[in-house]
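Dear colleague,

I would be grateful if you could look through it together with the notes that come after it.

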Amino acid sequence: SILLTAMFALILVYMFSIIGYVFFQNDFILEVDDLENGETKERSCQTLLACIATTLNHGLRSGGGIGDVLRQTSQAEPTHIARMVYDMAFFFLMIVINMNLILGIIIDTFADLRRDKQVRDDTLRNSCFICGLKRQVFDSKGFSNFEKHCHEEHKLWSYLNFVILLLTKDPTEFTGQESYVSGLLAEANPNLSWFPRMMAMSLKEENKDEEERDVLAELKAQLDRA
(Lines give C-alpha, C1' and ligand atoms only; values in the text may rest on other atoms or scores of the structure.)
Protein backbone atom coordinates (compact mmCIF):
# COMPACT_ATOMS: atom_id res chain seq x y z
CA SER A 1 0.00 0.00 0.00
CA ILE A 2 2.90 2.38 0.62
CA LEU A 3 4.07 1.86 -2.97
CA LEU A 4 0.60 2.69 -4.30
CA THR A 5 0.47 5.82 -2.14
CA ALA A 6 3.94 6.86 -3.36
CA MET A 7 2.85 6.31 -6.97
CA PHE A 8 -0.25 8.43 -6.33
CA ALA A 9 2.00 11.17 -4.90
CA LEU A 10 4.19 11.08 -8.02
CA ILE A 11 1.11 11.37 -10.24
CA LEU A 12 -0.04 14.40 -8.26
CA VAL A 13 3.44 15.95 -8.55
CA TYR A 14 3.33 15.40 -12.31
CA MET A 15 -0.11 17.04 -12.57
CA PHE A 16 0.94 20.05 -10.48
CA SER A 17 4.10 20.33 -12.59
CA ILE A 18 2.04 20.48 -15.79
CA ILE A 19 -0.25 23.13 -14.32
CA GLY A 20 2.74 25.15 -13.13
CA TYR A 21 4.49 24.83 -16.49
CA VAL A 22 1.40 25.95 -18.45
CA PHE A 23 0.00 28.70 -16.21
CA PHE A 24 2.65 29.78 -13.67
CA GLN A 25 5.94 29.36 -15.50
CA ASN A 26 7.04 32.92 -14.66
CA ASP A 27 6.49 32.30 -10.94
CA PHE A 28 9.08 29.51 -10.73
CA ILE A 29 11.97 31.81 -9.82
CA LEU A 30 14.41 30.46 -7.24
CA GLU A 31 17.30 32.07 -5.43
CA VAL A 32 20.54 30.17 -6.08
CA ASP A 33 24.15 30.63 -4.98
CA ASP A 34 26.30 31.11 -8.06
CA LEU A 35 29.98 30.33 -7.47
CA GLU A 36 31.08 33.27 -9.65
CA ASN A 37 28.34 35.90 -9.25
CA GLY A 38 27.19 35.07 -5.73
CA GLU A 39 23.49 34.95 -4.88
CA THR A 40 21.28 35.27 -7.93
CA LYS A 41 17.88 34.23 -9.24
CA GLU A 42 17.03 31.87 -12.05
CA ARG A 43 13.97 30.45 -13.74
CA SER A 44 13.43 26.82 -12.75
CA CYS A 45 10.50 25.92 -15.01
CA GLN A 46 11.84 26.55 -18.49
CA THR A 47 11.04 22.96 -19.47
CA LEU A 48 8.49 20.47 -18.20
CA LEU A 49 11.28 18.25 -16.87
CA ALA A 50 12.80 21.16 -14.93
CA CYS A 51 9.36 22.03 -13.59
CA ILE A 52 8.82 18.43 -12.41
CA ALA A 53 12.24 18.41 -10.72
CA THR A 54 11.56 21.71 -8.96
CA THR A 55 8.10 20.63 -7.79
CA LEU A 56 9.38 17.28 -6.54
CA ASN A 57 12.52 18.62 -4.87
CA HIS A 58 11.38 21.89 -3.35
CA GLY A 59 7.63 21.28 -3.09
CA LEU A 60 7.80 18.14 -0.97
CA ARG A 61 10.63 19.39 1.24
CA SER A 62 9.00 22.72 2.08
CA GLY A 63 6.67 22.82 5.04
CA GLY A 64 4.12 24.96 3.22
CA GLY A 65 4.41 23.20 -0.12
CA ILE A 66 5.48 24.62 -3.46
CA GLY A 67 4.10 28.06 -2.56
CA ASP A 68 7.01 28.63 -0.16
CA VAL A 69 9.60 28.65 -2.93
CA LEU A 70 7.70 30.37 -5.77
CA ARG A 71 7.58 34.08 -6.45
CA GLN A 72 5.12 35.88 -4.20
CA THR A 73 2.47 37.45 -6.43
CA SER A 74 0.78 40.80 -5.93
CA GLN A 75 -2.94 41.01 -5.31
CA ALA A 76 -3.20 43.32 -8.33
CA GLU A 77 -1.99 40.58 -10.68
CA PRO A 78 -4.75 38.74 -12.61
CA THR A 79 -3.27 35.34 -11.70
CA HIS A 80 -3.17 36.01 -7.95
CA ILE A 81 -6.36 34.05 -7.13
CA ALA A 82 -5.34 31.16 -9.38
CA ARG A 83 -1.92 31.05 -7.72
CA MET A 84 -3.50 31.02 -4.29
CA VAL A 85 -5.73 28.08 -5.28
CA TYR A 86 -2.71 26.31 -6.79
CA ASP A 87 -0.60 26.78 -3.65
CA MET A 88 -3.41 25.73 -1.29
CA ALA A 89 -4.32 22.67 -3.38
CA PHE A 90 -0.68 21.52 -3.39
CA PHE A 91 -0.40 22.09 0.36
CA PHE A 92 -3.55 20.13 1.29
CA LEU A 93 -3.23 17.31 -1.26
CA MET A 94 0.51 16.73 -1.02
CA ILE A 95 1.70 17.93 2.38
CA VAL A 96 -1.34 17.41 4.61
CA ILE A 97 -3.01 14.35 3.06
CA ASN A 98 -0.52 12.38 0.98
CA MET A 99 2.56 12.75 3.15
CA ASN A 100 0.56 11.95 6.28
CA LEU A 101 -0.88 8.90 4.53
CA ILE A 102 2.63 7.62 3.85
CA LEU A 103 3.67 8.37 7.43
CA GLY A 104 0.57 6.60 8.78
CA ILE A 105 1.24 3.52 6.63
CA ILE A 106 4.82 3.35 7.90
CA ILE A 107 3.67 3.63 11.53
CA ASP A 108 0.97 0.97 11.03
CA THR A 109 3.47 -1.35 9.37
CA PHE A 110 5.87 -1.12 12.30
CA ALA A 111 2.94 -1.56 14.73
CA ASP A 112 1.90 -4.75 12.90
CA LEU A 113 5.47 -6.05 12.98
CA ARG A 114 5.67 -5.35 16.71
CA ARG A 115 2.31 -7.05 17.32
CA ASP A 116 3.35 -10.11 15.28
CA LYS A 117 6.59 -10.33 17.25
CA GLN A 118 4.66 -10.17 20.52
CA VAL A 119 2.37 -12.99 19.32
CA ARG A 120 5.36 -15.12 18.31
CA ASP A 121 7.12 -14.47 21.60
CA ASP A 122 3.97 -15.34 23.55
CA THR A 123 3.54 -18.56 21.56
CA LEU A 124 7.15 -19.60 22.11
CA ARG A 125 6.97 -18.70 25.79
CA ASN A 126 3.64 -20.40 26.58
CA SER A 127 3.51 -23.32 24.12
CA CYS A 128 5.67 -26.41 23.73
CA PHE A 129 7.30 -26.37 20.29
CA ILE A 130 7.26 -30.18 20.04
CA CYS A 131 3.84 -31.24 21.30
CA GLY A 132 1.96 -27.95 21.02
CA LEU A 133 0.51 -28.12 24.53
CA LYS A 134 0.02 -24.77 26.19
CA ARG A 135 1.12 -23.70 29.62
CA GLN A 136 -2.52 -23.50 30.75
CA VAL A 137 -2.90 -27.26 30.28
CA PHE A 138 -0.13 -27.92 32.77
CA ASP A 139 -1.40 -25.23 35.14
CA SER A 140 -4.88 -26.78 35.12
CA LYS A 141 -3.36 -30.12 36.18
CA GLY A 142 -1.54 -28.50 39.07
CA PHE A 143 1.89 -28.60 37.39
CA SER A 144 4.28 -25.69 37.76
CA ASN A 145 7.09 -27.24 35.72
CA PHE A 146 6.13 -26.23 32.18
CA GLU A 147 9.69 -25.02 31.59
CA LYS A 148 11.01 -28.39 32.76
CA HIS A 149 8.70 -30.11 30.29
CA CYS A 150 10.02 -27.94 27.42
CA HIS A 151 13.70 -28.25 28.38
CA GLU A 152 13.82 -31.90 29.45
CA GLU A 153 10.81 -33.97 28.39
CA HIS A 154 10.37 -32.34 24.97
CA LYS A 155 13.73 -30.69 24.47
CA LEU A 156 13.90 -29.11 21.02
CA TRP A 157 17.63 -29.73 20.56
CA SER A 158 17.23 -33.43 21.30
CA TYR A 159 14.78 -33.78 18.41
CA LEU A 160 17.08 -31.77 16.16
CA ASN A 161 20.04 -33.94 17.12
CA PHE A 162 17.99 -37.03 16.33
CA VAL A 163 17.11 -35.72 12.85
CA ILE A 164 20.77 -34.88 12.18
CA LEU A 165 21.70 -38.38 13.33
CA LEU A 166 19.31 -39.88 10.77
CA LEU A 167 20.78 -37.71 8.02
CA THR A 168 24.37 -38.62 8.77
CA LYS A 169 24.08 -42.24 9.92
CA ASP A 170 24.55 -45.18 7.54
CA PRO A 171 21.01 -46.48 6.72
CA THR A 172 22.25 -50.05 7.07
CA GLU A 173 22.89 -49.38 10.76
CA PHE A 174 19.40 -48.00 11.50
CA THR A 175 17.33 -49.50 14.27
CA GLY A 176 13.66 -50.23 13.67
CA GLN A 177 12.53 -46.90 15.09
CA GLU A 178 15.19 -45.00 13.17
CA SER A 179 14.21 -46.67 9.89
CA TYR A 180 10.56 -45.78 10.48
CA VAL A 181 11.27 -42.11 11.23
CA SER A 182 13.80 -41.85 8.38
CA GLY A 183 11.16 -43.13 5.94
CA LEU A 184 8.72 -40.47 7.13
CA LEU A 185 11.30 -37.70 6.72
CA ALA A 186 12.32 -38.92 3.25
CA GLU A 187 8.87 -38.18 1.80
CA ALA A 188 8.35 -35.19 -0.53
CA ASN A 189 6.51 -33.43 2.29
CA PRO A 190 8.21 -34.67 5.47
CA ASN A 191 5.71 -36.46 7.68
CA LEU A 192 5.93 -35.33 11.30
CA SER A 193 3.34 -37.74 12.64
CA TRP A 194 6.07 -39.25 14.83
CA PHE A 195 6.05 -36.07 16.90
CA PRO A 196 4.05 -36.48 20.16
CA ARG A 197 1.37 -33.99 19.19
CA MET A 198 -0.78 -32.80 22.11
CA MET A 199 0.73 -35.51 24.35
CA ALA A 200 3.15 -35.53 27.27
CA MET A 201 4.34 -38.37 29.48
CA SER A 202 4.09 -36.24 32.60
CA LEU A 203 0.40 -35.59 31.94
CA LYS A 204 -0.24 -39.29 31.25
CA GLU A 205 1.43 -40.21 34.53
CA GLU A 206 -0.67 -37.64 36.33
CA ASN A 207 -3.86 -38.98 34.73
CA LYS A 208 -2.84 -42.51 35.73
CA ASP A 209 -2.24 -41.38 39.33
CA GLU A 210 -5.64 -39.69 39.38
CA GLU A 211 -7.33 -42.85 38.13
CA GLU A 212 -5.59 -44.91 40.84
CA ARG A 213 -6.64 -42.42 43.50
CA ASP A 214 -10.22 -42.54 42.23
CA VAL A 215 -10.23 -46.35 42.36
CA LEU A 216 -8.79 -46.37 45.89
CA ALA A 217 -11.32 -43.77 47.01
CA GLU A 218 -14.17 -45.87 45.58
CA LEU A 219 -12.90 -49.03 47.30
CA LYS A 220 -12.57 -47.18 50.59
CA ALA A 221 -16.11 -45.88 50.25
CA GLN A 222 -17.39 -49.41 49.63
CA LEU A 223 -15.55 -50.72 52.70
CA ASP A 224 -16.99 -47.95 54.85
CA ARG A 225 -20.49 -48.80 53.71
CA ALA A 226 -19.90 -52.48 54.45
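The following paragraphs set out the overall composition and then the salt bridges.

Please note that this is a predicted model. The protein contains 8 helices and 2 strands, arranged along the sequence as α-β-β-α-α-α-α-α-α-α. Of its 226 residues, 27% count as buried. The accessible surface comes to about 15,900 Å², with 61% belonging to carbon and sulfur atoms. Among contacts between residues at least 6 apart in sequence, 56% join residues at least 24 apart.

A search of the whole structure gives 9 salt bridges. Helix H3 spans residues 80-126. In this helix, aspartate 121 and lysine 117 are 4 residues apart, about one helical turn, and their side chains form a salt bridge with an N to O distance of 3.0 Å. Aspartate 121 has a relative accessible area of 30% and lysine 117 one of 46%; aspartate 121 is thus partly exposed, as is lysine 117.

Also in helix H3, aspartate 122 and arginine 125 lie 3 residues apart, again about one helical turn. The closest N and O atoms of their salt bridge are 3.9 Å apart. Aspartate 122 is partly exposed at 38%, and arginine 125 is partly exposed at 48%.

A further salt bridge joins glutamate 178 to lysine 169, with the closest N and O atoms 2.9 Å apart. Here glutamate 178 is buried, at 10% relative accessible area, whereas lysine 169 is partly exposed, at 22%.

Finally, a network of salt bridges links Asp27, Arg71, Glu77, Arg83 and Asp87.

With kind regards

Technical notes:
Residues are numbered from 1 along each chain as its sequence is written. This is a predicted model: local features need pLDDT of at least 70, side-chain atom pairs count only at pLDDT 80 or more; totals for chains, interfaces and linings use all residues. Side-chain values use heavy atoms; hydrogens and water are left out. Buried means under 20% relative accessible area, exposed over 50%, partly exposed in between (1.4 Å probe, protein chains only). Contact means heavy atoms within 4.5 Å. Accessible areas come from the Shrake-Rupley method with a 1.4 Å probe; for residues, only the protein chains shown count as cover. A salt bridge is a side-chain nitrogen of Lys or Arg within 4 Å of a carboxyl oxygen of Asp or Glu.
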